[in-house]
Amino acid sequence: MIITDLIPVLVLPCVLTVLAIFLGEYMAKVFNGERTLLTPLLNSPEQFLYKIFGVNKNDEMSWKTYSWAFIVFNIIGIVALFLLQILQGFLPFNPQKLGPVHWDIALNTAISFVTNTNWQAYSGEQTMSYLTQMMGLTVQNFLSAAVGIAPAIALIRGFARKETSTLGNFWVDLTRSIIYILLPLTLIWSLVFVSQGVVQTLHPQIDALTLEGQKQIISVGPVASQEAIKQLGTNGGGFFNANSSHPFENPTPLTDFMAVLGLLLIPAALPFTFGAMLKNRRQGWAIYASMLMLFIIGVGLIIGTEVQGNPLLEKIGVMGGVNMEGKEVRCGIINSVLFAQSTTATSCGAVNSMHDSLMPLSGLILIFNIAIGEVIFGGVGTGLISMLAYAVLTMFIAGLMIGRTPEFIGKKLESFEMVMSIIIILSPALLLLVLSSIAISTQAGLSSLNNMGSHGLSEILYAYASTAGNNGSAFGGLNAGTLFYTLTTSLAMLVGRFSTVIPALAIAGFLATKKIVPAGIATFPTTGVLFIVMLVSVVVIVGALTFFPVLTLGPFIEHLQIFAGKAF
Amino acid sequence: MLQVKRAVIVFVSFSLLCGLVYPLGITAIAQILFPYQSRGSLLISGNQCIGSELIGQMFTSPKYFHGRPSATDPAYNAGGSAGSNLGPSSAQLLEQVKERIAEMRRENGLSPATPVPADMVLASASGLDPHISMRSAMLQVRRVAGERGLPEAEVELLLRHYVETPLLRMWGQERVNVLRLNMALDTRGNNHTIN
């Protein structure tokens, strides 16, 4: 490796930070209902939509109503997407004449896309019609992102407001997320993608006759429009089976850069929105800095492990043991692992390399990123939510240390907030560990494995980390299309999503009713380096304590075995 | 009940906006602004589509540069992209790679101890990778030139013409598009016979 290889690693955080500040401030204005750059253009469509919806934008909701709206909207989304897949054979925009999706795959996919997970137990180009891709999957890419942003905004309001019982209006927040944030960004992204060669057509697949005279069928479709929101909404469900490693999803270095930037952008901007809406921008910076720190540590580790190469390959004659299995030449090692780190730190789940084929310790870092609960930027909305849950836990610990009632940004933290935060932090971990235990002790769980030895355990761990954390990337060798896996991962995705959002709304509801306590001389400052270091440490320690034993048995043992020259 | 009715209306409205208006609008704009790219960057010769410049093809003939191993079934199946998903400690992977290394050495007249570039013997993520590294291409120059009766220097010159560079020299890798290079070789060969 030469030092210039590391330039992308330095460039990305700089570009990201600048754009995130601007977008974060913009989003704060959008959700405060203030005038923005796009208001002249978008105000009338916005009002028009409220009229159709029968929504008065000044109608405020309690946390219970807000949660109810969230739940109802998600159920409708699941039912509609399920039916669309079952009925796609009778519907238009299906040039390949694809039949109905099998019920358990359809159910799994419906839950997966509605919960912003985008776990895929199917192969896109061979299963889903163009109509399903557009009206089903693309729609949920927008909606699941928007309904992720909305509760995060409600939570921010919970901190910012005092002595009120309301958190805003779910339908207004949803609408504004889509038309002021997601649609304008996806417009830019999809056109850049198309200009580089990402396909966007309704034509059926192409029959080519190769240079050597072989028949080659080339799948195409309305890809760019879906690709844009797939990245920006941290969805990650590819149009094609190979996801962002497919040349039609990610053909050039520019699309690769835009893909990585896109999936990080909104989650990275939300801490700044938090700061702006609190009118305490230093607080936003502190949260952002904590996330960035965790991100950079992960990038450093994963580059270190992957660049080292595979000694087993080197021994049989592969130059430098470079681990190019499951990677594309245009991405190479560095950009593949940078993408992998970004997609697992956020809850995106798009991949430009096959994570199953990464070195064991790289895989370990990815599982850890997901399993700590999508806090390193995290999913759109849910990332900020989970990080604030960790912040509440951190302030509780700090409160114990200095012997004062814990408070955070002027709000006293009581047992209710603590319980809810712990539900947010621990439920994905619990799901991961319990479901993995079931999988490794049953034939149904083990028969799906693609790799033997401890790598097999990693495949299972990754599957449940990914679904419980609503990430959606996979160690793709695992056959996730069996009834056992479609049902258990569906459960993980549902519980993972709702156990993050509903407790967050409950916290928001309780915090909003409280007074804001002015900062005193004994208040623990939450904008300084001390807070950032404590927050990062709490995240790492909780994660390490929860997952260290099982990660030792999976990726860590595989690492030792490889360096001892063993294969399975 | 109010929220349920409202949820249905909101869902239907956004399904139309994000599921039809948006993708069809982008399709229309894309077809106008980027007709070549949006349809798949297709290479047409006469009436026949040869393939897409972004999608790799299977090359076995010694007179062509060869691309990367592909884990799709059959290889380079652009209707069913996939990687092998074999882990780094997989014995199956090691067996496959050993065979590919032996073949690579045999085809290109390399000594049994020569290390082989990773991209030539390890399968790509999509199974459709259109590129190989510069080093892998250079290793094949002698074979291709010999088969075509061209001077090695000429093939190498052509190869250098088809090198694609990273974005602003920092994002991505230096690489060679195998299909475009092979098409250029064929064209050049024809010119040769005409001259």
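How many residues lie between E1(A) and E2(A) in the hairpin, and which residue in the turn has a positive phi? In this predicted model, E1(A) and E2(A) form a hairpin with five residues between them. The turn residue with a positive phi is Gly213(A), at about 85 degrees.

**The hairpin in chain A**

Strand E1 covers residues 206–209 of chain A, and strand E2 covers residues 215–218. The pairing of E1(A) with E2(A) is antiparallel and runs over four bridges. Within this pairing, Ile218(A) in E2(A) is the residue opposite Ile206(A). In a regular strand, side chains alternate between the two faces of the sheet.

**Thr109(A) in helix H4**

Helix H4 of chain A spans residues 103–114 and contains Thr109(A). Thr109(A) has a relative accessible area of 0%; because buried means under 20%, this residue counts as buried. Apart from neighbours within four places in sequence, the residues in contact with Thr109(A) are Leu81(A), Gln85(A), Tyr122(A), Met128(A) and Leu137(A). The C-alpha atoms of Thr109(A) and Gln120(A) are 6.5 Å apart, with a sequence separation of 11 residues.

**The interface of chain A and chain B**

The table lists the totals for this interface.

| Item | Value |
|---|---|
| Residues in contact | 113 residues of chain A, 102 residues of chain B |
| Buried area | about 8400 Å² |
| Share of buried area from carbon and sulfur atoms | 68% |
| Salt bridges | one salt bridge |
| Polar contacts | 42 residue pairs (both at pLDDT 80 or more) |

On the side of chain A, the residues that lose the most area to chain B are Leu211(A), Glu325(A) and Val329(A). Together these three residues account for 9% of what that side buries.

Which side chains meet in a salt bridge at 3.9 Å, N to O? The pair is Arg330(A) and Asp129(B). Helix H7 of chain A, residues 170–196, gives the most to the side that touches chain B, with 13 residues. By residue class, the side of chain A that touches chain B consists of 66 nonpolar, 35 polar and 12 charged residues.

Technical notes:
Residues numbered from 1 in each chain as written. Chains lettered and ligands numbered in written order. Predicted model: local features only at pLDDT ≥ 70, side-chain atom pairs only at ≥ 80, totals over all residues. Heavy atoms only, no water. Helix = DSSP H or I, 4+ residues; strand = E, 2+ residues; numbered from the N terminus. Buried < 20%, exposed > 50% of the residue type's maximum accessible area, 1.4 Å probe, protein only. Contact = heavy atoms within 4.5 Å. Buried area = accessible area lost by both parts, 1.4 Å probe. Salt bridge = Lys/Arg side-chain N within 4 Å of Asp/Glu carboxyl O. Polar contact = N/O pair within 3.5 Å; in protein donor to acceptor, adjacent residues only side chain to side chain. Nonpolar A, V, L, I, M, F, W, Y, C, P; charged D, E, K, R; others polar. Pairing = 2+ DSSP bridges.
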